[in-house]
Amino acid sequence: MLTQAKLILLFDGGCPLCLREVKFLRSRDTLDNISFIDIDSPKYQPDLYSGISYKDAMGRIHAINESGEILKDVAVFREAYRLIGLGWIYSPTSWPILGSLIDQVYKLWAQWRLPLTRRPSLEQLCKEKELCKYNN
C-alpha cells in the first residue's frame, strides 16, 4: 500500500454523487485518517490496492483498513464516518434488522448508480479502461 492512512477509500471520480461524498469526507477528515483513491483515474493500479479490480471497485464501494482488511458496501461508510467523528450516523447500520435492510438498499443503489448518474454501463466503462483483465 502507498499510504499510512487508517482507511484507503476507493471511489469513482467520474460519479458526481461519489465526488460530493468524498468532498464532504475530506472536509471533515481533519486528522487525515482517510486516503482517497480515484479508481476512474488512468493511474489506478489494482495491484497497489489489494488487487481490487477496476470492475469490482466500480460495481460497489471498497476500502482497505489499516490492518489490510477489505471493506465493502455500507461497511465502508460506517468506518469512514467513524474516522471523521460522525460514526453515530452509520452505527444503526450494524443493527441486525436495520443493517440487513440498509445492505439491500445499498445493493440496489450500486446496481443502478451508473444509469442514475448518466454514466455508461459497467461493461462499457471496462472496455474503455481495458482494466477488466484484473478481475478477482
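Modeller: Let's begin with one pair of residues, keeping in mind that this is a predicted model: leucine 9 stands opposite alanine 63, which belongs to β3. The strands β1 and β3 (residues 62–65) run antiparallel, and four bridges join them.

Colleague: And in what sense do β1 and β2 pair?

Modeller: Those two pair in the parallel sense, over five bridges, and here leucine 10 is the residue that stands opposite isoleucine 37 in β2.

Colleague: What's the order of the strands in the sheet, then?

Modeller: The order is β2-β1-β3-β4, in an open sheet of four strands with mixed pairing. The edge strands, each pairing on one side only, are β2 (34–38) and β4 (70–72). On average, neighbouring strands of this sheet are turned by 25 degrees against each other, if direction is ignored.

Colleague: Which strands does α1 touch?

Modeller: Helix α1 packs on the sheet and touches β1 and β2, and its direction makes about 155 degrees with that of β1.

Colleague: Back to β1: why is it described as largely enclosed?

Modeller: Five of the five residues of β1 are buried, so the strand is largely enclosed by the rest of the structure. In a regular strand the side chains alternate between the two faces of the sheet.

Colleague: New topic: how much space lies in the largest pocket, and which residues are closest to its centre?

Modeller: The largest pocket holds about 410 Å³ of space. It is lined by 24 residues, and the closest to its centre are Cys18, Ile61, Phe77, Tyr106 and Trp109. The elements giving two or more residues to that lining are β1 (7–11), α1 (16–28), α2 (54–59), α3 and α5 (96–116), with the largest share, six residues, coming from α5.

Colleague: How does the lining divide into nonpolar, polar and charged residues?

Modeller: The lining of the largest pocket has 19 nonpolar residues, one polar and four charged.

Colleague: One last thing: how many residues of α3 are buried?

Modeller: Seven of the 10 residues of α3 (residues 74–83) are buried, so this helix is largely enclosed by the rest of the structure. The buried ones are Val74, Val76, Phe77, Glu79, Ala80, Tyr81 and Leu83. Just after α3 comes glycine 85, which takes a positive phi of about 85 degrees.

How values were computed. Residues numbered from 1 in each chain as written. Predicted model: local features only at pLDDT ≥ 70, side-chain atom pairs only at ≥ 80, totals over all residues. Heavy atoms only, no water. Buried < 20%, exposed > 50% of the residue type's maximum accessible area, 1.4 Å probe, protein only. 1 Å grid on protein atoms, 1.4 Å probe; cavity = no way out; pocket = protein on both sides within 12 Å on 5 of 7 lines; lining within 4 Å. Points joined across faces, edges and corners; volume = space filled by probe spheres on them. Nonpolar A, V, L, I, M, F, W, Y, C, P; charged D, E, K, R; others polar. Pairing = 2+ DSSP bridges. Axes fitted to C-alpha atoms, helices over the stretch in contact; angles between N-to-C directions. Contact = heavy atoms within 4.5 Å.
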